[in-house]
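Please look through the sequence and the model shown here, and then follow the report below.

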Amino acid sequence: MLNDYFTWNGKKSSDFGIIIKHKEIYKAPVRDVDFVEVPGRDGEVILDNGRYRNVDVTYQVRVKNVKSKLLEIANWLSAVGYQKLIDSDDSTHYRMAARTGSVDWDYLGKGEWADLEIAFNCKPFRSLTTGDTKTTLTAAGSITNPTQYTALPYFKIYGSGNFTLKVNNKSFAFTSISSYIECDSSLQAVFTGTSSKADRANFDDFPTLKPGANSISWTGKVTKVEIVPHWREL
């Protein structure tokens, strides 16, 4: 694994002289279910909570001349929140990963070498890098989901006044828009720049993109719609 590396928090592990000894990256998420006992009924009833649990990804690494890199590596690994995690063995996907645990070095020899476990708590779905590519529509059209899982897209809709975005057979109405509105189904948020515009959205459920073809259209004064689909799979 001498040539293996991973990218997290915008930097490659190899930039720090990190050598990967072992890694566990190909884990499928576990479905979040409860097993409930029902009086008078044999066995247990399965209650599906409608989601998957997070996945643990770990790297066992070794670093040479570690004393000169301690602070730099610690600063890199101290980022808070989910960051993109891309492994060199799977450059077509990435995970949204938050680092867990402390930075505890196991020094070897005279302390010039040290081993470390780097652990990440990852969202259950892997994201396709192609799903970050923006599609722009200036007229009604369609976008095709290449996976078997529903995607949670980001829309940026340029228009004014009141208008309605239509995704397949569902309508999403927006009111009193000045120039554009953003709708992020993953974040469950409607905004313009850094300002929340939840009061401009007249719908409860956010748009999704089903596997296969998805029709996109609109009514009202809309000039174009930008879509970042965020394709995902387990």
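Strands (E, at least two residues) and helices (H or I, at least four residues) are DSSP runs, numbered from the N terminus. This is a predicted model, in which local features need pLDDT of at least 70 and side-chain atom pairs count only at pLDDT 80 or more, while totals for chains, interfaces and linings use all residues. Residues are numbered from 1 along each chain as its sequence is written, and side-chain values use heavy atoms, with hydrogens and water left out.

**Empty spaces**

Rolling a probe the size of a water molecule over the atoms shows where empty space is left. On a 1 Å grid over the protein atoms alone, a cavity is a set of points where a 1.4 Å probe fits but cannot get out, whereas a pocket is an open set with protein on both sides within 12 Å along at least five of seven lines; lining residues have an atom within 4 Å of a point. Grid points are joined across faces, edges and corners, and the volume is the space filled by probe spheres set on the points.

The largest pocket holds about 640 Å³ of space, and among its 23 lining residues K123, S127, L152, S186 and R232 are the closest to its centre. Strands β5 (44-52) and β8 (93-100) each give at least two residues to this lining, and the largest share, 3 residues, comes from β5.

The structure also has 1 cavity of 30 Å³ or more. Residues I25, Y26, V57, Y59, L85, D87, D90, H93, Y94, R95 and R126 line the largest cavity. At least two lining residues come from each of β6 (55-64), β7 (83-87) and β8, with β8 supplying the largest share, 3 residues.

The table sets out the two spaces by residue class, where Ala, Val, Leu, Ile, Met, Phe, Trp, Tyr, Cys and Pro count as nonpolar, Asp, Glu, Lys and Arg as charged, and the others, Gly among them, as polar.

| Space | Volume | Lining by class |
|---|---|---|
| Largest pocket | about 640 Å³ | 9 nonpolar, 7 polar, 7 charged residues |
| Largest cavity | about 130 Å³ | 6 nonpolar, 1 polar, 4 charged residues |

**Packed interior**

A nonpolar core is a set of buried Ala, Val, Leu, Ile, Met, Phe, Trp, Tyr and Cys residues joined through side-chain atoms within 4.5 Å; buried means under 20% relative accessible area, exposed over 50%, and partly exposed in between (1.4 Å probe, protein chains only). The largest core has 25 residues, and those with the most contacts inside it are F155, I157, L165, F174 and I216. Two or more residues of this core come from each of β14 (154-167), β15 (170-177), β16 (180-184) and β20 (212-228). Apart from it lies another core of 23 residues, including V66, I73, A114 and F120.

**Single residues**

Contact means heavy atoms within 4.5 Å. T164, in strand β14, counts as buried because its relative accessible area is 19%. Leaving out residues up to four places away in sequence, T164 touches S171, F172, A173, S217, W218 and T219.

Beyond its neighbours within four places in sequence, K221 is in contact with Y158, G159, S160 and F163; K221 and F163 are 58 residues apart in sequence, and their C-alpha atoms are 6.4 Å apart in space.
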